Amino acid sequence: MLLRSGVLASALLVAGGVFAADDSLYRALGGTEGLTRIASGLVDRAYADERIKLKFDGVNPKFLKEQLRNQFCQLSGGPCVYDGETMKNSHAHLALTKADFNALVEDLQASMDEQGVPFSVQNRLLALLAPMHRDVITK
Ligand code: HEM
């Protein structure tokens with residue numbers, strides 16, 4: 001049991017990025033503070049974006065900002081743990097299209113532009129998010 005929980009704890013720590021070999025993307029995005037601003041700018045833009053704002057009806061923006069910050073932080077090798085829903089479960093009821101996905105990516109790019117994130121760094125984060133389209137787009 002001790003061994004099993006030890007293995008599980010290590011797996012969680014690795015998943016949380018604590019032992020990530022490379023946190024260069026996390027640092028290039030401005031660390032946790034930078035990612036907090038990027039996620040906040042993304043959610044503010046998406047909620048005001050005529051193309052997709054209806055999808056966010058009834059969703060608490062504070063909750064979404066926090067979940068996205070943690071997810072981007074973990075993905076980029078930072079010391080955060082994303083403990084939210086899977087991408088499949090959280091988007092299944094939204095009937096999202098490729099156009100919706102592209103609109104959200106544009107809002108993310110605009111948010112990163114505002115924070116002065118260089119294009120090459122933006123593309124590294126987008127490359128990590130791109131494969132999620134399989135779970136997010138259902139229509
Ligand atoms: C790579 C693309 C995307 C990523 C990484 C992403 C990430 C996330 C995350 C982390 C959550 C929180 C899940 C939870 O813990 O409950 C979430 C929820 C949500 N996302 Fe996305 N998302 C993506 C694409 C989209 C798109 C294209 C839209 C709409 C245009 C969208 C709309 C929503 C909404 C409305 C929720 C709240 C669902 C609910 O709680 O009912 N997402 N997303």
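Reader: Why is Ile137 called partly exposed?

Author: In this predicted model, Ile137 has 21% relative accessibility. Buried would need under 20% and exposed over 50%, so Ile137 counts as partly exposed.

Reader: Where is Ile137, and what does Ile137 touch beyond residues up to four places away in sequence?

Author: Ile137 sits in the segment after helix 8 (133-136). Leaving out residues up to four places away in sequence, Ile137 touches Leu96, Thr97, Lys98 and Phe101. Contact here means heavy atoms within 4.5 Å. As for Ala92, Ile137 is 45 residues apart from Ala92 in sequence, and their C-alpha atoms are 8.3 Å apart in space.

Reader: What makes Cys73 and Cys80 a disulfide?

Author: Happy to walk you through that one! The sulfur atoms of Cys73 and Cys80 are 1.9 Å apart. The cut-off is 2.5 Å, so the pair qualifies as a disulfide. A search of the whole structure finds one disulfide. The link of Cys73 and Cys80 is right-handed, with 75° about the S-S bond.

Reader: Are Cys73 and Cys80 buried or exposed?

Author: Both Cys73 and Cys80 are buried, which means that each has under 20% relative accessible area.

Reader: What makes His91 a donor of the iron atom of the ligand?

Author: Good one to check on the structure above. The NE2 atom of His91 is at 2.0 Å from the iron atom. A donor has to be an N, O or S atom within 2.8 Å of the metal, so NE2 of His91 counts. His91 is the only protein donor of this iron atom, and His91 is found in helix 5 (residues 87-91).

Conventions. Residues are numbered from 1 along each chain as its sequence is written. This is a predicted model: local features need pLDDT of at least 70, side-chain atom pairs count only at pLDDT 80 or more; totals for chains, interfaces and linings use all residues. Side-chain values use heavy atoms; hydrogens and water are left out. Buried means under 20% relative accessible area, exposed over 50%, partly exposed in between (1.4 Å probe, protein chains only). Donors are N, O and S atoms within 2.8 Å of the metal (3.2 Å for Na, K and Ca); water is not among the atoms, so sites may look incomplete. Helices (H or I, at least four residues) and strands (E, at least two) are DSSP runs, numbered from the N terminus.
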